[in-house]
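Trainee: I would like to learn how to read strands and helices in a model. Please show me.

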Amino acid sequence: MKEEINPKDTSRAQAFEMWMLSPMPMVTLVKTFDVTHLYKVSKRSGLKFNMLLCWCIGKAASRIDEFYLLPQQGNLFRYDRLAINVIVNNTKGGISTCDIPFSDDMEQFSRDYDSLTHQAAETCRDITNEEAMIVGTSAIVETELDCIVNQYSGIFNNPFLAWGRYKHGWLKTTLPISFQFHHAQMDGGHAAQFLEELQRRIQE
């Protein structure tokens, strides 16, 4: 469910006043993650690496209150659930986006991931979830990347994570991930907390 709230009644009151009208309110942090365990789990289980990573992102984000807030068109909204947006290649040679509802149950998330991404790819239509706070993702796995900085359109203020192909080393597999967020939604400390929590979820 989505509801409009008064920013003055939240911990984001000062940040909302400072950053809502900023011409460039987005902040991007980049962290290199150790994804060795995630890679091994993917290979052993046959589960998609990208699905596992998206579930870890949802798991980490769901523990941080600021992820349920969205500054939009001068207002602040609160959601009671999360969804992870993924981009899929469709059958017409283009791309479609797909909002996958986050569930603590990884098996349920995996079923939804497979079903909805397949549907989006086959129909060439976006699948949206208006009642959930969307955490955007983009995986450009055709090459290894050190960093991705997303465009800021002023329309989509949702948090957004992007990455390329993981890198195999002698002892571990690593993956740089860019994390972009709106400064009215959260501060750098919240973002750092999320990135640390994401690493813990990947290790688990």
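Mentor: Start with S1 and strand S4 (residues 75–79): they run antiparallel and are joined by 4 bridges. Two strands pair if DSSP finds at least two bridges between them. Helices (H or I, at least four residues) and strands (E, at least two) are DSSP runs, numbered from the N terminus. This is a predicted model: local features need pLDDT of at least 70, side-chain atom pairs pLDDT 80 or more, while totals for chains, interfaces and linings use all residues. Residues count from 1 along each chain as its sequence is written, and side-chain values use heavy atoms, without hydrogens and water.

Trainee: Which residue in S4 does Glu4 stand opposite?

Mentor: Glu4 faces Phe77.

Trainee: What is the order of the strands in the open sheet?

Mentor: The order is S1-S4-S3, 3 strands with antiparallel pairing. Strand S1 (2–5) and strand S3 (69–72) are the edges, each pairing on one side only.

Trainee: At what angle do helix H3 and helix H5 pack?

Mentor: Axes are lines fitted to C-alpha atoms, for helices over the stretch in contact, and angles between N-to-C directions run from 0 to 180 degrees. H3 (residues 49–61) and H5 (residues 188–203) pack at about 130 degrees, axes 8 Å apart. Therefore H3 is oblique to H5. Under 35 degrees is roughly parallel, over 145 roughly antiparallel, 65 to 115 roughly perpendicular, and the rest oblique.

Trainee: Which residues make the contact?

Mentor: Contact means heavy atoms within 4.5 Å. Among them are Leu53 and Ile57 of H3, and Phe194 and Leu198 of H5.
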